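Here's a quick tour for anyone about to set up calculations on this one. Have a look at the sequence and structure first.

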2 protein chains.
Amino acid sequence: MNGNYIAVDWGSTHLRAWLYRDGQCVDSLQQPLGVSRLTEQTPRQVFEKYIQPWRDAQDIPVIMAGMIGSDAGWHTVPYLPCPVTLHEIGAQLFEIAPQVWIVPGLKTAHSVMRGEETQLIGAMQLAPADCYVMPGTHSKWVQIYEGSVSGFTTAMTGELHHLLMNHSLIGKGLPEQHDNDAAFNTGLQSGLDSPSLVSRLFEARASRVLGDLPPECVGEWLSGLLIGAEVAAMSHELAVKHVTLVGNELLCRRYRQALAKANIASQEIAGDAAFQQGIRSIIDARS
Amino acid sequence: MNGNYIAVDWGSTHLRAWLYRDGQCVDSLQQPLGVSRLTEQTPRQVFEKYIQPWRDAQDIPVIMAGMIGSDAGWHTVPYLPCPVTLHEIGAQLFEIAPQVWIVPGLKTAHSVMRGEETQLIGAMQLAPADCYVMPGTHSKWVQIYEGSVSGFTTAMTGELHHLLMNHSLIGKGLPEQHDNDAAFNTGLQSGLDSPSLVSRLFEARASRVLGDLPPECVGEWLSGLLIGAEVAAMSHELAVKHVTLVGNELLCRRYRQALAKANIASQEIAGDAAFQQGIRSIIDARS
């Protein structure tokens, strides 16, 4: 292969793609056509409509990662079991169509990932560390040992926040939510002090009823509580002192505050940059 | 007062009432008319329709407890702050209509209860203990010190189970669920071992994807995990060795298993029996 290729991040909610010519990104697209949103079209039809036109007559390689490789996607690509080296991941791509490849996800006895493995390949080059924290709907804490992904754990932090705000008594009847550092920090300290969560979640409801927490700040308090609990529980379980954060800027900022309070040093790279570098590395390794 | 009275347990989802004559229960009713379900009728109208006919010409006293005393109910009755003696609760009833009283709920700095205080008054007579565990949508762990409710904590265990099974990725696309002791016990051990929950919840999803957990047993595994985490976290926080369980039989059985595995001795009384005895005590104290 050379510097001409297409990188595709195809997750549950979105399809995002980048066209590279001679190693330079010359075009990109983003569509709300994640695999969980496809009702009228198959992934192959979406591919034909949005990606194939970039390929012209010349069949340049396409590398795809994310839920497109799940049972809800184009084809179920088996997970690679940890421990696994990053070289092995790139060497076991699944060819779903001529020169169209899906990166396999990873599994441990207790967790699975699809898409993050590609960010990880990039992150290990851009910001090497023994532990990567990838905040999100399902946050991942990934351990590296001697160049291999030795294991990882998933925290449902983002999904729990969504559930509690949208479907539970905690979120019932709340006004529009506002950013509020003080509420976030109060929740954060609660979560760091009591990572069990069990006894703390209901405080969001009680504080509101008792008037201690302004109704428009419940989301911030809860975000702090959940992130604090995640950082306290995971850093204790993994005994880490230094991590690299991989994700979007706003979310990473929240985790940076939590990590600092827990005395864990952190550096940070953008999730998109990590993904792009990951695909680039896979392409390079195949050349 | 004497042995003629009406006891009303009026919660979020149901209205239940019992008519007593000469200390004997001679009639009862249950309607799906909890305060959160009243759209067309006010609580007063429901009262007039279902309870008032029992009173005839003679205005026998009615004692009500539960969410009927909340801002979503008939009238917001202020919470009594802990520590509080059970005598104080019965002495501070709120008269919402002639001879119609609402039992006040209790609050701490971090939690609130309405309805459980009445079960508690009964439970303290039927099965005295220093700690009461009241399993449910919002489980309560109540501490007693020298005859007073010194404090209590709420665990959102039941609500979390409902949220995760009905609105999260964990429950998505599951078949009808079946009772399964093995799955419950596996989850229970996980929760007892890792009360942080954060890193364990996602196992429900991963195990299913990886084929380790039969899809029809996810609810049981999750019930075990959440109850195990609650019992581990709360018993550690409160340093208890013996508790009285107050609740319905099926739920108490699950908690009994969890408590036994955590080396906590337990006795048990039915929630309804505790409630009846609680109202009876309030009536007796007022005579």
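Predicted model: local features only at pLDDT ≥ 70, side-chain atom pairs only at ≥ 80, totals over all residues.

Residues are numbered from 1 along each chain as its sequence is written, chains are lettered from A and ligands numbered from 1 in the order in which they are written, and side-chain values use heavy atoms, leaving out hydrogens and water.

**The sheet in chain B**

- Chain B has an open sheet of 6 strands with mixed pairing, in the order β3-β2-β1-β4-β8-β7. Helices (H or I, at least four residues) and strands (E, at least two) are DSSP runs, numbered from the N terminus, and two strands pair if DSSP finds at least two bridges between them.
- At the edges sit β3 (24-31) and β7 (94-97) of chain B, each pairing on one side only.
- From one strand to the next, the twist averages 20°. Axes here are lines fitted to C-alpha atoms, for helices over the stretch in contact, and angles run from 0 to 180 degrees between N-to-C directions.
- Helix α9 (residues 271-286) of chain B packs on the sheet and touches β1, β2 (15-21), β4 and β8 (100-102) of chain B; contact means heavy atoms within 4.5 Å. The direction of α9 makes about 135° with that of β1(B).
- Strands β1 (residues 5-10) and β4 (residues 62-65) of chain B run parallel and are joined by 4 bridges. B:Val8 has B:Met64 in β4(B) as its bridge partner.

**A buried charge**

- A:Glu159 is part of helix α5 (residues 157-167) of chain A.
- A:Glu159 is buried but has no salt bridge. Buried means under 20% relative accessible area, exposed over 50%, and partly exposed in between (1.4 Å probe, protein chains only); a salt bridge puts a side-chain nitrogen of Lys or Arg within 4 Å of a carboxyl oxygen of Asp or Glu.
- The nearest side chain of opposite charge to A:Glu159 is B:Arg205, 7.9 Å away. Lys and Arg count as positive and Asp and Glu as negative, while His and the chain ends are not counted.
- Leaving aside residues up to four places away in sequence, A:Glu159 touches A:Thr137, A:His138, B:His167, B:Ser168 and B:Leu169.

- The A:Cys82 to A:Pro83 peptide bond is cis, with omega near 0°, and A:Pro83 lies in the loop between β5 (80-81) and β6 (84-85) of chain A.
- B:Ala239 isn't a glycine, yet has a positive phi of about 50°. B:Ala239 counts as exposed, at 64% relative accessibility.
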